[in-house]
Structure formats: C-alpha cells, structure tokens
Amino acid sequence: MSRWYSQEKDSIVGKHLDSYTLSEERMTTAAVSHTKFTKQNFFFLVGGMVVYVVDIVMDFWVASRYFCQGQYSWSILILCFRGLSSIITQIFSYEWFKNDWEGTDAGKLKLVFLVHLFHCGIFIRYWFALKYGCQVSFKQRSSRSASEADSSSFIQKQAIDAVTDINMLRVFKTFLETTPQLFIQIYILMEHGKTHFYQYAAIMMSFCGISLSMVDYQISLRKSLPDKDEFHVVSKFMYLFYKLLTITSWILSISLITLLSVRISVILLIFLWICGFTWTLKQHTTFCKSKKMEYLYRTVVGIILIFSFFNIKGRRTKVCISIYYAAHTVVTLGILFVYMFWKPSIMKELCFTIVSILTILSLVLGILFLTVYYSHLHPTTYWRPQACSDEVDRVAGQKDRVKTSRFQNFLMQ
C-alpha cells in the first residue's frame, strides 16, 4: 500500500460505490504501475548515492582550501553547516529505525545507533534500498507462483519505502546544508571578486545536489499517489526549473542584502524562520511520534521555508503559495531599490548589473514555471485526516488496517 493510499478510501465514506470517480480496475492498475520499482529507479538511486558521497568530499575539500588560504571563518562556517545537517539527518534516521524496528532485537538497534553515532546512518539506508531495489529490478519475471508474486510485491514496497526515507533525509540535507553553502559561495564571489576553480566546483555541486534531491523527492511523492499520472519528463523539468530558479533568485537577493549589511541579512533570515516556524505550529503537524522530535521537525521546516515553499499538511495552499512568492518578490524588489537610493554608485558596476538582471530574470521565469506546473502538471489529490481513513476501514469491514507511514505526514508539494 502506498504512502498516502488511505486518502482514496476516505472518499468512500457516506457515498455509494457507483459514484466513485475511478473504477476498482483502474485504481488497481494505476497502483501497480506507479508503485513499481524499475531499473531506472535503481540507477537513479545509485546516482544519488554517488552525488551524496562526492558532495561530502567536496565539502571537506573546499573547507580545506579556505583554511589553507587563511580564511578560517569560511572554512568553519562550511563545516558547521555540514555538521549541523549531518547531526539532524542522523537523529531522524535513527528515530525512524527505532519506530520501524520496535519490538525487535535490542542488539540490532545498538549497532544501528553506533553507526549513526559515526554519521554513517544513511549508508545503511542506501544498503537496504540497493538490496531490495536490485532484487525487484533485475529479477526474472517469466513465470512465478502466487507466493512468489506476493513476495515480490512485498520487496517492491520495501524498496520504495527505503528510497522514500532516503529522499526525505536528502530534503533535510538540501536545505540545511547545500542551499546555505550555495549562498556562502555566491556571497564570497560577489564580495571578493577573486575566483578559484574549487568555488565554481562547489557551486555546481550544490546545484546538482538540489536538482537531484528535488526530482527524487517529487518522484517519491508521485509514487505515493497511485491514481495520478507518473512524473514524466516534462513534469520533472517544469518542477525542477521552478524550484531551481526561485531558490537561485532568493539566494542572490539574500547575497545582495548581506553585501549591504550582514546585520540586516541575519535579522531578515531570523524573521523569516520565525514566520515559517509559527506557520508550522499553526498547521499542527503530526510527522513524529514524540513531542521533542515533532518540535525538531517543525524547527527544520521553518528553515526550509526560508528558501522554498512546501505544503506541509497536504491541503490546498493556493493562497499560501501566492502570498509566499509575492512576499519574496516584494523583498527582492525592495533590496534592489535600497541599492538604488543607499548606494547609487554601485549601480554603475557591471557585476551588480549582471546580478540584478539574473535575480529578476530567475524570479520571473521561476514563477512562470511554477504557474505552468501547478496549472497543468501537479497532482490535485491531498491528504485527508487519518481518522477518516480509519473510519473507512471500519465501514468496509477490513481485517487488516492500513498501516500509515512517515511520508503521509511529510512535506508535500
């Protein structure tokens, strides 16, 4: 059963079966096609792991280069973002292992804890994902008995769930480490003017990491909505350009205001985090089992909302996303106007002109891709309260209640 499959059953309550929009045959066919783990998914998984490892190596390489040049503050800042991101992802990963392996051998959990203590927890998840993914992607399917088919379906679900957990952790990493480091690199280029190969390599690696993380996350989301279209090439590019362009425009805007005043930039970022965190509190998220982990999750979501919009409750957020990007547009234009009146001399510099054009152009194109994506390519099914799903199970008289999962309450888009 997919991550949000219970939402479809919720619509049955209080309705006749003949009024349901999709027939049982269509739902079954769609669920099978969308929850299938293919060879393409397997190679994407391998590529994601390679990028993850290269990104770690790149972080330490760039930090060491700054350290050797005597720029200790940049080196420490890069490593701090790296360390913070790793700590938070390890905490969530281990907590999920505890929830999934509840009631199992305590020795196994101690071993998993030790691995997470050395910041290698995600590699255990990659191991499980590669193991299950290889079994279902490259296994012969010529003639199988009913028991073998059931076993294959179970492994399919295990593979998809393992990849989904990895993609959720990568979303955390993207906005806790990759995006802030991209901001730092762009700011350094704009502030000092001197460029080195490792700086461009770090910027390209950041863009690559953000791109893969967003696309893989959206693929996992689509697989959790079995009655919707697959994430085809056009949808992938529209979604990718929408995210990349809006994030790029915002990072350039923050870099400009940081050049003007570091204090104002810090105040702005803290204010935006408070707004995001407060909105998350008002949404009453239920992602974690414990209150402490839930508040940590809300804190992280507040950081994520500084850079990009996410639908944290799966409800219709047309008004919220409009307000969000309207505010970004106003702040971006405000920063440019401040430069015009506060430092008019800098307007004549070629670098400022190029950055200003890129900021406005990426924002306009990003909003354009956003509009096209949400108008024509975005799935419109939203998560419904779990109580309704439980009610459906009771009314339908099913013996096996649908087991909900983390992704049901995770960030949607």
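Tyr94 is buried, with a relative accessibility of 19%. The model in which this residue is seen is a predicted one. Phe113, by contrast, is partly exposed, at 42% relative accessibility.

Tyr94 and Phe113 form an edge-to-face aromatic pair, with 5.3 Å from centre to centre and 65 degrees between the planes. Tyr94 belongs to helix α4 (residues 72-100) and Phe113 to helix α5 (residues 106-117), so that the pair links distant parts of the chain, 19 residues apart.

## Other aromatic rings

In the whole structure, 34 aromatic pairs are found. One of them is formed by Phe42 and Phe43, which are edge-to-face at 5.9 Å centre to centre, with 75 degrees between their planes. Phe42 is buried at 12% relative accessibility, whereas Phe43 is exposed, with a relative accessible area of 53%.

A single aromatic cluster is made up of Tyr239, Tyr242, Trp279, Phe309, Tyr324, Tyr325, Tyr373 and Tyr374.

## Charges over rings

The ring of Trp101 has the charged end of Lys108 over it, 5.4 Å from the ring centre. Likewise, the charged end of Lys243 sits over the ring of Phe310, at 3.9 Å from its centre.

## Confidence of the model

The protein has a mean pLDDT of 80, and 77% of its residues reach 70 or more. In residues 1-33 the pLDDT is below 50, and this stretch has 61 contacts in the model beyond near neighbours in sequence.

Residues 381-404 also have a pLDDT under 50, with 39 contacts beyond four places in sequence. Where pLDDT is low, the predicted coordinates should not be read in detail.

Note on methods:
Residues are numbered from 1 along each chain as its sequence is written. This is a predicted model: local features need pLDDT of at least 70, side-chain atom pairs count only at pLDDT 80 or more; totals for chains, interfaces and linings use all residues. Side-chain values use heavy atoms; hydrogens and water are left out. pLDDT is the predictor's confidence in each residue, from 0 to 100. Contact means heavy atoms within 4.5 Å. Rings of Phe, Tyr and Trp (its six-membered ring) pair if their centres lie within 6.5 Å; planes under 30 degrees apart count as stacked, over 60 as edge-to-face and the rest as tilted. Buried means under 20% relative accessible area, exposed over 50%, partly exposed in between (1.4 Å probe, protein chains only). Helices (H or I, at least four residues) and strands (E, at least two) are DSSP runs, numbered from the N terminus. A charge sits over a ring if NZ of Lys or CZ of Arg is within 6 Å of the ring centre and within 35 degrees of the ring normal.
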